[in-house]
Amino acid sequence: MKMSEAKLQAEFFKLVNNDTFFRYCIWSTPNDAFLGNDPKQRAIQANKLKATGLLKGVWDLTIQKNSKLFFIESKIGTNVLTAEQKHFRDVRIENGVPEYHFFIYKTIDEGIEVLKKIKEICLTN
């Protein structure tokens, strides 16, 4: 069975949130959730979300720890960042978030390595 990005992210979030170092410091931004199946209702809901601050390209997960901000994106297989995700990253970098505070993982093992790197950054800088 092929794993979806949503399932990978759910497994990763559970792992991170069970780590007391990160608990209450990580959250998701559901960019396309809750739209439903009815095209008319989808359009209404999408417009409402955009009007209240939905931003296309926001990365899946954000961690704020020790006055630092990190962005994490879940990808599987050959999936890569969208143009909007690249733009979001570039704007954050232009506004002071270090480039090395952005992480992409494709497996739980890679996700664990991401967490190790973030902990190291938080504890040494």
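The structure is a predicted model, in which local features require pLDDT of at least 70 and side-chain atom pairs count only at pLDDT 80 or more, while totals for chains, interfaces and linings use all residues. Residues are numbered from 1 along each chain as its sequence is written, and side-chain values use heavy atoms, with hydrogens and water left out.

The secondary structure of the protein chain comprises 4 helices and 4 strands, defined as DSSP runs (helices, H or I, at least four residues; strands, E, at least two) numbered from the N terminus. Along the sequence, these elements follow the pattern α-β-α-β-β-α-β-α. The C-alpha atoms fill a box of roughly 50 × 40 × 30 Å along the principal axes. Of the 125 residues in the chain, 34% are buried (buried, under 20% relative accessible area; exposed, over 50%; partly exposed in between; 1.4 Å probe, protein chains only). Among contacts (heavy atoms within 4.5 Å) between residues at least 6 apart in sequence, 65% join residues at least 24 apart.

Helix α4 (residues 108-124) has 17 residues, which at 1.5 Å a residue should span 24 Å, in agreement with the 24 Å between its end C-alpha atoms; the expected span is 1.5 Å times one less than the number of residues. The buried residues of α4 are G111, V114, L115, I118, I121 and C122. These residues cover an arc of only 125° around the axis and therefore lie on the same side of α4, the arc being that of the directions from the helix axis to the C-beta atoms. The exposed residues D109, E120, L123 and T124 are carried on the face of α4 turned away from its buried side. The cover over the buried residues of α4 includes α1, β2 (61-65), β3 (68-74) and β4 (102-105).

The axes of α1 and α4 come within 10 Å and cross at roughly 40°; axes are lines fitted to C-alpha atoms, for helices over the stretch in contact, and angles run from 0 to 180 degrees between N-to-C directions. The contact involves L8, E11, F12, L15 and V16 of α1 together with I108, G111, I112 and L115 of α4.

Helix α1 (residues 5-17) also contains Q9, which is buried with a relative accessible area of 18%. Not counting residues up to four places away in sequence, Q9 touches S28, D60, L61, S74 and Y105.
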